[in-house]
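Let's take a walk through this model together, from the overall fold to its charged side chains. Here it is.

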Amino acid sequence: MEDGRIRWVAVLVPLAAPGDLRPAGALAAASLSGLPPGSAAGVSGVRRGVGDLPAQWAQARAAARVAAAVPRLSPVAHWAELGAWRSISELDGPDPAVLPLLGDRVLAETAEVFLDCAGSASRAAAALQIHRQTLYYRLTRIAEITGLDLADGEARLVLHMSLRAARLRPRG
């Protein structure tokens, strides 16, 4: 970051084989050497010619944001490997109903772990290392704060995508 802003750099890498992104990933990883911890890079999908440069730039930036926020995809994320994070990276941010929840780190983490565990209370409680009754209390608080019914699949989707979109917001 420079003056509180993120610095972005783009590099075009010619590939020996159309589907072999290893040279681009290796260059991206090498470019992180000497940068502050937590620095990340993104690699766009493969395109021919320069006509798609704006789309490639957007993909690489989104992949870098995801790499910075998601440890398992860090330090270099490839657009093609982002899965659901591709859609999440295109959101403008969290749903307004979820914004009040973001101020409570414990409840936000509880919600995300619960959703990552496919709504399994026993798995979520184990992952959070809390008693199931504590989990149920927190889930009740989450529903109260957001106004979302966690028994409704669409509400769970809004909550899950919003929590993940919040991780992609610039800090500061």
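This is a predicted model: local features need pLDDT of at least 70, side-chain atom pairs count only at pLDDT 80 or more; totals for chains, interfaces and linings use all residues.

Residues are numbered from 1 along each chain as its sequence is written, and side-chain values use heavy atoms, leaving out hydrogens and water.

The chain has seven helices and two strands, where helices (H or I, at least four residues) and strands (E, at least two) are DSSP runs numbered from the N terminus. Their order along the sequence is α-β-α-β-α-α-α-α-α. The C-alpha trace spans about 55 × 35 × 30 Å along its principal axes. Of the 172 residues, 36% are buried; buried means under 20% relative accessible area, exposed over 50%, and partly exposed in between (1.4 Å probe, protein chains only).

Now to the charges. Across the whole structure there are four salt bridges, each defined as a side-chain nitrogen of Lys or Arg within 4 Å of a carboxyl oxygen of Asp or Glu. One of them joins Arg 164 and Glu 112, at 3.2 Å from N to O. This pair links distant parts of the chain, with Arg 164 in helix α7 (residues 153-167) and Glu 112 in helix α4 (residues 105-116), 52 residues apart. Both Arg 164 and Glu 112 are buried.

Glu 112 also forms a salt bridge with Arg 167, with the closest N and O atoms 2.6 Å apart. Here too helix α4 is linked to helix α7, across 55 residues. Arg 167 counts as partly exposed because its relative accessibility is 26%, whereas Glu 112 has a relative accessible area of 11%.

By contrast, salt bridges with shared partners join Glu 112, Asp 116, Arg 164 and Arg 167 into one network.

What is the nearest side chain of opposite charge to Arg 138, which is buried yet has no salt bridge? It is Glu 109, 6.0 Å away. Arg 138 lies in helix α6 (residues 132-146). Beyond its neighbours within four places in sequence, Arg 138 is in contact (heavy atoms within 4.5 Å) with Val 106, Leu 107, Thr 110 and Ile 130.

Key:
Lys and Arg count as positive and Asp and Glu as negative; His and the chain ends are not counted.
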